[in-house]
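This briefing goes through selected features of one protein chain, grouped by topic. Please keep the sequence and the model open while reading.

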Amino acid sequence: MTALGDGPALLYDTGSPVPGPGGIPVTYEQFATGSLPVVGAGVEALPVPRLSSGLKLHGEYQGSGFTEPKYIARRGDGQVVQLSRLLYLVASAIDGVNDIETISHRVSARYGRELSADNVRFLVEEKLDPLGVTVPEGKEEDEVSAPRSDLLLALKGHRIIFNERRSGRIARSLAWLHRPTVVVLMLAAAVAMDVWLFGFFGAVEPVLQVLDQPVLMLVVFALTVASLVFHEFGHASACRYGGARPGCIGCGLFLIWPSMYTDVTDIYRIGRAGRLRTDLGGVYFNVVFMLGMAGAYFATGQQFFLATVYLGHFEILEQLMPAVRLDGYYILGDLAGVPDLYGKIKPILLSTVPGRRGKAARAEVVGLKKSSRTIITTWVLTMVPLLIGELGYALWNLPRIVATMVRSLTDQVVGTGDAFAGGQIAAALMGVIGCFMLLCPMAGVVYLSLKMGGRVFRAAKRSTADKPRLRVALCALALLGLGSLSYAWVSGVTPEPLPKRPPIAPILQPGVSTAEPPARPATAPRPRTSPSDTSAALPSGAASSGSTAATAPSASASPSADASASTSPGASPSTKPTTPAGGPGATRSVSAGPPAGPSEPPGPSPSVSSSAPAPSTDPPTPTESVSATGAPSPATP
């Protein structure tokens, strides 16, 4: 830079200040001697904020159920964060190059109000840093360790199967299936298929045929897993058709059950109609898959394709349940305009409590629109009593549940091991599937119990902090409840374990006896007889002619034939034949109830689907077991 004057030209460094209007005021001596202050000397350097690694800003939450607009951001660890408009503008202005002074100018122009650099610095340090949106000042890495929502019924252990690029290709290739004309044709074809299958052909016959063949069971299981994958393609393609970009498709654990999910967080910016289409896309693709299976049956004549169609109906019904984070849960959430319904249970309930805590909860509830508040309140008032009732019922029946599950698992493992030892590979593999189906709910019960117990303990500890009397009273109440429940368990007040029954689907339980177990003895007291009575003590309802009753040999089908049930022909008339405590005669034992299949859990954002088939509801076939042990024969004249 050249300074013009009366003397010779003086060259100065480009970093020196320029005297005059708009420059830094200096004296003539400083200018003449060249001792000008350097720009920035003694001035504190302003910080340059950075966004955390992998952060994505998705924009405004369209169709929100909140009175104030909400904006969606997704961290690199998958956690979705809701931001206000001001915080979102600050985050969108951060590029890792400009300092907070420049950011304040940009945000002020977009927000319509003046923000200073100190205002931006406060928002970054006190709001965005704790949320994991920005990297704290002084940290070199872009990875942040921010708190996550500890959801009780959330997917754990995510593993990617199709990355974002492959998922996008699949979504583009299948997006045409969501055109209105194609959807109408598919649904009409599905109605015609169901009328034919359930009204004319018979839906149970293919299932019964498959149950007789272990290899066909493996094929149906593989087709069911394929339908779950195709279900996720429906979410991704619907997201793409609506104008959003789908993320990866992966799998995880939902209460120990293996489940699949699709990252469709970007749908929050495309409107409510697009979100509902994405929510229903998985169920719609289940319908498309069933139509494909019906077409395969007509082409090959193999009925196991129709068995897959039959099980697919239960998968759809289960997905539409709004109780856990399945498709029905996200459909209801998008209708209300609230992404997390479970997060609103606490404020809805606390809003009824007077005082400071109730006031804060009421302020949060008021932040919802009236229609959304009505939907969520109805859901909370329905789900909370249902969950409490299910928990109480499970605790009351815990001994019989544990005893029945342990007995069934023991028989299953032993039978499967015998099948492997005997070279029955197909039957043994089906036994492995049966073991898996038993272990998953058992592990799920343990996991859920520990998770809920830990949450209750931590909540009680926080609520009774600095309140020793309340803590003692709460502990006493908990001990009283546990003591009463334990006494009910050990004293036999609670129901007894279920009696052992033959397997409904023997193919899943190799080596387990299919014979009907012997009749359980009755607990009614036997009638007393006089010592002088010389006639045989006959059970109620037994035919007798004459004063002496001769008993027939045991005809019980059970291997435990009672030797004392028959008497010698020359027995003394005063000798009374012994009969079983339950009394002889025909005893009807009906094995009722469908096999309990695993539930299929995941829905969008992220979407969760289970990888296990839905249960069958075939009408049980009554089996009669006639126990004739000790039954007296008609007396001969």
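D466 sits in the loop between α16 and α17 (468-491); helices (H or I, at least four residues) and strands (E, at least two) are DSSP runs, numbered from the N terminus. The model is predicted, so local features need pLDDT of at least 70 and side-chain atom pairs count only at pLDDT 80 or more, while totals for chains, interfaces and linings use all residues. Residues are numbered from 1 along each chain as its sequence is written, and side-chain values use heavy atoms, with hydrogens and water left out.

**Loop residues**

- D466 has a positive phi of about 60° although it is not a glycine.
- Most residues other than glycine have a negative phi.
- D466 counts as exposed because its relative accessibility is 80%; buried means under 20% relative accessible area, exposed over 50%, and partly exposed in between (1.4 Å probe, protein chains only).
- Q303 is placed in the loop between α9 (272-300) and α10 (304-319).
- With a relative accessible area of 16%, Q303 is buried.
- Not counting residues up to four places away in sequence, Q303 touches F201, E205, P206, Q209 and Y297, where contact means heavy atoms within 4.5 Å.

**Salt bridges**

- The structure holds eight salt bridges, each being a side-chain nitrogen of Lys or Arg within 4 Å of a carboxyl oxygen of Asp or Glu.
- One of them joins the side chains of E164 and K56 at 3.3 Å, N to O.
- This pair links distant parts of the chain, with E164 in helix α5 and K56 in strand β3 (residues 56-60), 108 residues apart.
- E164 is partly exposed at 30% relative accessibility, and K56 is partly exposed at 34%.
- K56, E164 and R245 are linked in a network of salt bridges.
- R74 forms a salt bridge with D263, and the closest N and O atoms are 3.1 Å apart.
- R74 lies in strand β4 (residues 71-74) and D263 in the loop between β8 (257-262) and α9, so the pair ties together parts that are 189 residues apart in sequence.
- R74 and D263 are both buried.
- The side chains of R121 and E125 also meet in a salt bridge, at 3.2 Å, N to O.
- R121 and E125 are separated by about one helical turn because they are four residues apart in helix α4 (residues 117-131).
- R121 is partly exposed at 24% relative accessibility, and E125 is partly exposed at 35%.

**Buried helix residues and their contacts**

- L174 is in helix α5 (residues 164-174) and is buried, with a relative accessible area of 16%.
- Leaving aside neighbours within four places in sequence, L174 is in contact with F230, F233, S237 and F285.
- L174 and G234 are 60 residues apart in sequence and 8.0 Å apart in space, C-alpha to C-alpha.
- Y284 lies in helix α9 and counts as buried at 9% relative accessibility.
- Y284 is in contact with L177, H178, V182, V183 and M186, leaving aside its neighbours within four places in sequence.
- Y284 and L177 are 107 residues apart in sequence, and their C-alpha atoms are 9.5 Å apart.

**Annotated transmembrane regions**

- An unreviewed UniProt entry places the feature "transmembrane region" at residues 182-203, 215-231, 243-261, 281-299, 376-396, 425-450 and 470-490.
- UniProt positions are given in the numbering used here, feature names are shortened, and annotations may be inferred rather than shown by experiment.
- Residues 215-231 are 100% helix and 0% strand, and the end C-alpha atoms lie 25 Å apart.
- Residues 281-299 are also 100% helix and 0% strand, with end C-alpha atoms 27 Å apart.

**Nonpolar surface patch**

- F420, I425, L429 and V432 make a nonpolar surface patch of about 330 Å².
- Patches are made of residues with over 30% relative accessible area and no salt bridge; like charges are joined within 9 Å, and nonpolar side chains (Val, Leu, Ile, Met, Phe, Trp, Tyr) within 5 Å.
- Accessible areas come from the Shrake-Rupley method with a 1.4 Å probe, and for residues only the protein chains shown count as cover.
- Helix α16 (residues 425-463) gives the most to the patch, with three residues.
- L429 is found in helix α16 and is partly exposed at 38% relative accessibility.

**Cysteines**

- The count of disulfides is zero, a disulfide being a pair of cysteine sulfur atoms within 2.5 Å.
- C239 is buried, with a relative accessible area of 0%, whereas C475 is partly exposed at 44%.
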